[in-house]
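Hello,

Here is the structure I promised to pass on. My notes on the helices and the aromatic rings follow below it.

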Amino acid sequence: KGLKYIQGSADDLPLDSDSMDILINVESSHTYPDFNAFVNEASRVLKLGGHFCYADFRPAEKVESIRESIEAAGFEIEEFNDISPNVLLALKADEHNRDELIKAHVPWWMRTTVKQFAGVPGSKFFTDLSSGETVYLHIISRKI
């Protein structure tokens with residue numbers, strides 16, 4: 001009750017300013033053309049004290065710039081965690097299930113690409129996350 005899902009562009013949210021208590025963004029911001037525009041828009045729509053909850057992966061050398069962008073947009077970071085080890089454990093634990101789903105639902109000629117997207121062990125994403133080249137972040141921040 002009281003929960004509402006709204007779809008819109010990340011850098012032009014169809015929401016009034018200072019109207020939201022919480023904004024959640026999971027595994028999508030790595031595709032946005034302008035991360036700073038996105039976090040500024042998140043700040044615009046959140047009420048003072050509202051929370052921005054974020055989880056996504058980035059190249060290790062971009063991690064500090066993510067922190068800086070969030071703070072510059074008017075947020076105080078309450079939690080900033082590298083959850084890469086947990087994500088790797090989950091990817092390993094679910095490997096068999098994802099392989100079976102891919103075999104059952106994906107044409108043979110697309111399976112290699114889909115396995116890369118799914119992060120199965122041996123994929124570039126899995127390898128980069130294992131080596132530390134890619135970092136999976138979990139961030140909770142509050143608009144100040």
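In α2, V63, I66, S69 and I70 are buried, meaning under 20% relative accessible area with a 1.4 Å probe, protein chains only. Seen down the axis of α2, these buried residues fall within an arc of 120°, so they line one face of the helix. The arc is taken from the directions from the helix axis to the C-beta atoms. In general, an α-helix has 3.6 residues a turn, so residues three or four places apart point the same way.

A caution on sources: this is a predicted model, where local features need pLDDT of at least 70, side-chain atom pairs count only at pLDDT 80 or more, and totals for chains, interfaces and linings use all residues. Residues are numbered from 1 along each chain as its sequence is written, and side-chain values use heavy atoms, with hydrogens and water left out.

What does the buried side of α2 pack against? Its buried residues contact (heavy atoms within 4.5 Å) α1, β2 (46–59), β3 (75–82) and β4 (134–143). On the α1 side, F35, N36 and V39 meet I66, S69 and I70 of α2. That contact divides into 4 nonpolar, 2 polar and no charged residues.

Now the rings. The structure holds 8 aromatic pairs, counted when Phe, Tyr or Trp (six-membered) ring centres lie within 6.5 Å. F52 is buried at 0% relative accessible area, and Y54 is buried at 2%.

Best wishes

Note on methods
Helix = DSSP H or I, 4+ residues; strand = E, 2+ residues; numbered from the N terminus. Nonpolar A, V, L, I, M, F, W, Y, C, P; charged D, E, K, R; others polar. Buried < 20%, exposed > 50% of the residue type's maximum accessible area, 1.4 Å probe, protein only. Phe/Tyr/Trp six-rings, centres within 6.5 Å; stacked < 30°, edge-to-face > 60°.
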